[in-house]
Amino acid sequence: MSTKTIINRFLQTIRRENLINKNDTIIVGASGGPDSQFLIYLLNEIKKDYELEIILAHLNHLHRKDAYKDEELVKKTSEDLGLKFYSDHKSMDEYAKEKSLSSEEAGRVLRYKFFERIRKKVSGNKIAIAHNMDDQAETVLMRIIRGTGIEGLKAMDYKNEFIIRPIMDFSKSEIVGYLNEEKIPYHIDYTNLEIDYTRNKIRLDIIPEIEKINPNFKNSLISLSNLAKSDVDILRDIEDKKLNEIIVKKDKNFISFDKKSFESLDKGLRNRILRRSISHINGNINNFSKKNLDDFSQITRLDLGKKIIKNDLILYKNYKTYDLYKNTYYNKEEGLIFLNIGDIKEFSSYKISLHLVNKEDFKSINKKGSVFFDYELVNLPIKIRSRRSGDSFNFYNNKKKKLKDFFIDEKIDKNMRDKIPLVFINDKLVWIVGLRRSDDYKITHKTKKILMICAEEV
């Protein structure tokens, strides 16, 4: 196959998947093997037209005695092509032992961490990984063997945030054939020929046996992957619409679903909604099995106030919502803050400010989200904290009410109670923010100056 044909196919993939833009700075994961050498030389072919800066990044895993030869080859490639080169040395075997990972997974984690470090260092906007068509087929089969849903069948994407995979339309045989024809040097990692690793066993033993039955097996796996991608896109649209309908509140570590809407979902859609939400909070769905999802889904059968804990995530059943959050979300004890006139401070999810208002201006001010007290009866600063055991307040006509009983009567979710700011004047609880103020220090016809406390949810 001619160089021109290879380059044209490479450009077709780039344009179809929108992988590269003009003036991109691309960090290439350069192992010295045939795939990464193929990717480097193809990128170099289009470097001028796209005005690219190409940077080669090589991580020596210290796994093989001859690994230094890979590093030397990548360095020489960078010199021959006039490209920048970065390298580092990290033992994947030591990291695997430290993190209780397989060596294969440890190597992958270390590589991506290294590439991301270089990307930030050079202000790069793309990391190019040399996965090919065979890698994609092996990934699909490996996930089928382990048990996967439709997302797993779609395997690797051409593009995922900063990561791009521009040579996934080329087979291994095409890559090696091109390198040999063009006399481009590459090294073979002999550990790829050992069957100690799952992927190697699939590549060397399982696929060749299946190809005796279906010589086109790899292409069949790629077709399955492409079909799965189309189906996932359709399902994502459905999920997005449903999520918008049922989400009450969402931030980086917390998602709250409307209780009735969540319960009305059929089990399949509920599990997909949970998958998306777990991925949002954790950054991925790794280590979260179908059984974990099924267990979470069973919460609709439990009593109010019950929760299900899986890994470091909690799904909690409230009066009006189901809340999904990390188990550290509510464990941070809110501090104690003090406010004087003119102060604006944040507490929990509120921005709280203190103002002095003249009585003649009182009628014209916006009173939403604010409470008012007789300034002459107040000793500053006021105090704000979260609840403590034994808290009570002047509920009505000088009758005391325990804060705990108030929360129960108002059906305030247990896991929200510690997040509600409590405002104290003269050591008396005067305002349960957003819910109730006490009967203390009210404005009367004798009041001359008014203390205004504003709380805005952020």
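1. A word on terms to start: helices (H or I, at least four residues) and strands (E, at least two) are DSSP runs, numbered from the N terminus. By that reading, the protein has 15 helices and 22 strands. Please keep in mind that this is a predicted model, where local features need pLDDT of at least 70, side-chain atom pairs count only at pLDDT 80 or more, and totals for chains, interfaces and linings use all residues. Residues are numbered from 1 along each chain as its sequence is written, and side-chain values use heavy atoms, with hydrogens and water left out.

2. Overall dimensions. The C-alpha trace of the protein spans about 95 × 50 × 40 Å along its principal axes. The radius of gyration, taken over C-alpha atoms, is set against a globule rule of 2.2 Å times the number of residues to the power 0.38. For a compact globule of 458 residues the value would be near 23 Å, but the protein has 30 Å. Of those 458 residues, 45% count as buried, where buried means under 20% relative accessible area, exposed over 50%, and partly exposed in between (1.4 Å probe, protein chains only). Contact means heavy atoms within 4.5 Å; among contacts between residues at least 6 apart in sequence, 67% join residues at least 24 apart.

3. As a reminder, most residues other than glycine have a negative phi, and most peptide bonds are trans. Asn18 is not a glycine, yet has a positive phi of about 55 degrees; Asn18 lies in the loop between α1 (3–17) and β1 (25–29). With a relative accessibility of 44%, Asn18 is partly exposed. Glu51 also has a positive phi of about 55 degrees without being a glycine, and its place is the loop between α2 and β2 (53–60). Glu51 counts as partly exposed at 45% relative accessibility. For a cis peptide bond, look from Leu380 to Pro381, where omega is near 0 degrees. Pro381 is in the loop between β15 (370–374) and β16 (382–385).

4. Helix α5 and its surroundings. The expected span of a helix is 1.5 Å times one less than its number of residues. With 20 residues, α5 reaches 29 Å from its first C-alpha to its last, close to the 28 Å expected. Its buried residues are Ala106, Gly107, Val109, Leu110, Phe114, Phe115, Ile118 and Arg119. The elements that cover them include β1, β2, β3 (84–89), α4 (92–99) and β4 (126–128). After α5 comes Ser123, with a positive phi near 55 degrees. Ser123 is one of the residues touched by Thr25, along with Glu53, Ile55, Val122, Gly124, Asn125 and Lys126, not counting residues up to four places away in sequence. Thr25 itself is in strand β1 and is buried, with a relative accessible area of 11%.

5. Where does α9 bend? The bend at a residue is the angle between axes fitted to the seven residues ending there and the seven starting there. In α9 the bend is about 30 degrees at Asp205, and a proline, Pro208, follows within four residues. The helix (residues 198–211) has 14 residues and reaches 18 Å from its first C-alpha to its last, close to the 20 Å expected. Arg199, Asn200, Ile202 and Ile207 are buried in α9. Covering the buried residues of α9 are elements including α5 (103–122), α6 (133–146) and α10 (217–246).

6. Aromatic pairs. Rings of Phe, Tyr and Trp (its six-membered ring) pair if their centres lie within 6.5 Å; planes under 30 degrees apart count as stacked, over 60 as edge-to-face and the rest as tilted. A search of the whole structure finds 11 such pairs. One of them joins Phe38 and Tyr178 edge-to-face, at 5.5 Å centre to centre with 85 degrees between the planes. This pair links distant parts of the chain, with Phe38 in helix α2 (residues 34–50) and Tyr178 in helix α8 (residues 172–182), 140 residues apart. Both Phe38 and Tyr178 are buried. Phe254 and Tyr325 are stacked, because their ring centres are 6.2 Å apart and their planes are at 20 degrees. Ring pairs also link Phe393, Phe395, Phe406 and Phe407 into a cluster.

7. Charges over rings. A charge sits over a ring if NZ of Lys or CZ of Arg is within 6 Å of the ring centre and within 35 degrees of the ring normal. The charged end of Arg270 is placed this way over Phe262, 5.6 Å from the ring centre. Lys383 has its charged end over the ring of Phe424, 5.5 Å from the centre.
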